[in-house]
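Open the model in your viewer and keep the selection panel at hand. We will go stop by stop.

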Amino acid sequence: MRKYLPVIIILAVLAIAVGAGLYLLRPASTSEQAPVAPAGKPVAANPIAAAPGAVPPHSIGSEGAPVTIEEFGDFQCPPCATFHPVLKQIKSAYGPRVRVIFREFPLLPAHQHALSAARAAEAAGLQGKFWEMHDLIYENQRSWHESKDARPIFEEYAGRLGLNLDRFRKDVTSDLVQQRIFLDGKRGHSLGVKGTPTVFLNGRELPVESLAPDRLRARIDAELAATEK
Amino acid sequence: MNATASNEIVETQGRRQTILYAVAALLSLVGLADSIYLTVEHVSGRTVLCTIVSGCSEVLRSPYATIGSVPLALVGAVSYFTAFSLATLAAFGNMGAAKVLTVVTGLMFLVTLWLLYLQAFVIGSFCQFCLLSAAVTTGLLGIALIARRLSGQAINSP
């Protein structure tokens, strides 16, 4: 028996390791991911059949563009900030051939300022400056993500963008802004979004590896080539 | 030194080796659990939460976190499982496994040094789970070397 004991131990550990990996990979409960969005299992993996999200969405580019990139982002998520310049380059390189949509998906409670950031961006959107605020928040993420209260910093950004500050302060806590974030979160859940950034290219979710600039370009080029055939 | 005393030395060092390899096996389990967690987070694309050092997500979403399309964390999990198996066999007296364990942990340590360099100078962020892995690998190599040294002393004792 002693002869086989090490083999038994090794096989037992292997079984436990594989089992633990598979257990942890099971879909997480949605309430752990983004409490701003409603609980419930993802109901569809098809972006068209899924919940519509906030209407109109924050988008750059025409609806008829051959390629649509839909990003679910959290302003406090470091990989989202890393992905931000990548997407910016894509926008300027492809112009009207690519439409970019941004969806709010603040990960709470992991990111304490994510919701304030989403609200600030949405409030700026009500004054027509969503993308400007979106860029400012991402590009300065390191300067606010560890602050105790990020809201005054976002207000300062609003001032920098020339927004009406009284209106901005009201809008940040408004039902309309809250509802937009809720609807984007609902769409994310219905698509099975679990983390950020999650990116859909013409309705298909891209693996994380494809978010590297060269790989993303290759994907877009392939998509453009397919639609131009 | 008489034969009884020399036998006692060999037995004591044999016991110490067994304990060291058992500790190495347990340490490998820590590394294995860490790697499995990182693999799962990588595959699922979740944002990894950090409490000590910020930058987990930068590191785990960097292009260096994969070899081709295989997550580096998965390679780590396989390495730790290999180290665990070898340490377990060595603890049960398989000296061939002990030799291989020293080589394997040596290679793991070299990879760890490279990954620490990437985190410090290329990515510019540290990930605490990656640092835990580095500590475990360093510990494993230390134990493997000490155990090998004991083994050499036992063989050379009169």
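Two strands count as paired if DSSP finds at least two bridges between them. Keep in mind that this is a predicted model. Its scores are ipTM 0.77 and pTM 0.52.

**Stop 1: the sheet.** Start with the strands of chain A. Five of them form an open sheet with mixed pairing, in the order E1-E3-E2-E4-E5. Select 58-60 and 204-205 of chain A: these are E1 and E5, the edge strands, and each pairs on one side only.

**Stop 2: a parallel pair.** Select residues 67-73 and 98-104 of chain A. These are strands E2 and E3, which pair in the parallel sense over seven bridges. Within this view, pick A:Phe72; opposite, in E3(A), stands A:Arg103.

**Stop 3**

**Stop 4: the cores.** Which residues have the most contacts inside the largest nonpolar core? Select A:Phe75, A:Ala117, A:Ala120, A:Ala121 and A:Ile137. The core has 42 residues. Helix H4 (114-125) of chain A gives the largest share, eight residues. Now centre on A:Ala117: among the residues it touches are A:Phe75, A:Ile137, A:Ala150 and A:Phe154. A second, separate core has 39 residues, including B:Tyr21, B:Leu72, B:Leu115 and B:Val136.

**Stop 5: confidence in chain B.** Colour chain B by pLDDT. The mean is 79, and 71% of its residues reach 70 or more. Finish at residues 49-54 of chain B, where the pLDDT is below 50. Beyond near neighbours in sequence, this stretch has eleven contacts in the model.

Terms used
Residues numbered from 1 in each chain as written. Chains lettered and ligands numbered in written order. Predicted model: local features only at pLDDT ≥ 70, side-chain atom pairs only at ≥ 80, totals over all residues. Helix = DSSP H or I, 4+ residues; strand = E, 2+ residues; numbered from the N terminus. Core = buried A, V, L, I, M, F, W, Y, C linked by C-beta atoms within 7 Å. Buried ≥ 20, exposed ≤ 12 C-beta atoms within 10 Å, placed from the backbone. Contact = placed C-beta atoms within 7 Å. pLDDT = per-residue confidence, 0-100. Lists of a residue's contacts leave out its neighbours within four places in sequence.
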